[in-house]
Amino acid sequence: MSGLARVPGGTMGSVRRRRGASSLVLLCAMAVALTAPGLATGTAYAAPAVPGAPTAPATPGAPATPAAPLPGPGGKSLEQVRKDIEELYRQAGTATDAFNLAEAETKAQSDKIVEIANLIVAGKERIATLKSRAGAAARAQYRAGGLPPGARLALSDDPNQFLDGADRLRQGEKAASDLLTELDRTQTDLQRYAEEASERWQKLEANRVKQEESKKQIEEKIKAAEELENKLEAEEKARLIQLEQEAQYRAQTAWLSTGAMKDVNGKATDAGKQAVQFATAQIGKPYKWGAVGPDSFDCSGLTSQAWRAAGRGIPRTSQEQLRLLPKIALKDMRPGDLIIYFDDASHVGMYVGDGAMVHAPRPGRNVTMAGAGSMPIKAVVRPDA
């Protein structure tokens, strides 16, 4: 099997092949090496080769072994088919992020509605208690002959009884005033709770609509991409995988040629190491949109679960990870940091050191290692800043 174009950290040793994932064997070995001491050495990572396909050159800028072009469906070149499939899956990734965000917001709204419902129940019970107290006071007055406490006090001939009664009268008036104030406040709270519950229901329904729309878009894009790919013959599919990796290699080489990795030598924190170890342990598991493990992942499902395993809760989606996590300069990047890709922040991978990242690429592919610069980088964010 053709290996890595350049492997950081010396000899990997022998690795047992995984059934159904032979192309990931050396990647798994590299993952083990990257979680060992010397995780970030500054050595640049080059994309892995496809079994049986020409290996990308070790020297940046050197030409890849040429392969005869194959026609794709509809008379398009296979390279154009690759681009079409890649764009469809990228659009599906954008819709997946919208779906995941709507799902998270739906859960938050549902939890809030339950909380409000409990407050309403408690408020109604409180009002019942206050009304019971008011009724008891009214019945006591009736039993006393119907005279108000002030009138009974004025008719008293005993000075001591008068003074004692005056004090109890003031206490009773305050208690009655407090009861009415609390009753009014509780009724106001109930009205506010009812209004808030109504608003939450509207948001909940809006999020459900977003979920359904996003789900429909995801399914449509994935179906279109799969239909394109299914029209390919076995030889064309093998060549398609090769073209994907050649495109990643070219992007990585171009990125490295800018000197992007020149000053990157940050060391992983303990939490960062744990996150990397979790993420790389998932190599070979399939991509599935909306999945957060343990058997499959989407891109942000992998990164969020990796950091959860490291004891840090982070946002579920790549767009929210970009929005809410601290951004850092590329030169300060260290293993465990998240790399957000594309202008719409529709993809995310985890930097593991040596110019490489681990990610869940797209439907039909497995969690794997790739060059950190193999896709357009939008930003780098740090979960354990």
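Six strands form an open, antiparallel sheet in the order β1-β6-β2-β3-β4-β5; here strands are DSSP runs of E of at least two residues, helices are runs of H or I of at least four, and both are numbered from the N terminus. Two strands pair if DSSP finds at least two bridges between them. This is a predicted model, in which local features need pLDDT of at least 70 and side-chain atom pairs count only at pLDDT 80 or more, while totals for chains, interfaces and linings use all residues. Residues are numbered from 1 along each chain as its sequence is written, and side-chain values use heavy atoms, with hydrogens and water left out.

**The sheet and its helices**

- At the edges stand β1 and β5 (368–371), each with a single partner strand, so one side of each has no neighbour in the sheet.
- Strand β3 (residues 347–353) pairs with strand β4 (residues 356–359) in the antiparallel sense over 3 bridges, and M350 stands opposite V358 in β4.
- Helix α6 lies across β3, β4 and β5, running at about 115° to β3; axes are lines fitted to C-alpha atoms, for helices over the stretch in contact, and angles run from 0 to 180 degrees between N-to-C directions.
- Helix α7 also packs on the sheet, where it touches β2 (338–341), β3 and β4, and its direction makes about 45° with that of β3.

**A look at I328**

- You will find I328 in strand β1 (residues 327–328).
- I328 counts as buried because its relative accessibility is 18%; buried means under 20% relative accessible area, exposed over 50%, and partly exposed in between (1.4 Å probe, protein chains only).
- Leaving aside residues up to four places away in sequence, I328 touches M333, D337, V380 and R382, with contact meaning heavy atoms within 4.5 Å.
- I328 and V380 are 52 residues apart along the chain, and their C-alpha atoms are separated by 5.7 Å.

**Aromatic rings**

- The structure holds 2 aromatic pairs; rings of Phe, Tyr and Trp (its six-membered ring) pair if their centres lie within 6.5 Å, with planes under 30 degrees apart counted as stacked, over 60 as edge-to-face and the rest as tilted.
- F99 and W289 form an edge-to-face pair, 5.0 Å centre to centre with 90° between the planes.
- This pair links distant parts of the chain, 190 residues apart: F99 is in helix α2 (residues 78–143) and W289 in the loop between α6 (270–281) and α7 (299–309).
- F99 is buried at 11% relative accessibility, whereas W289 is partly exposed at 22%.
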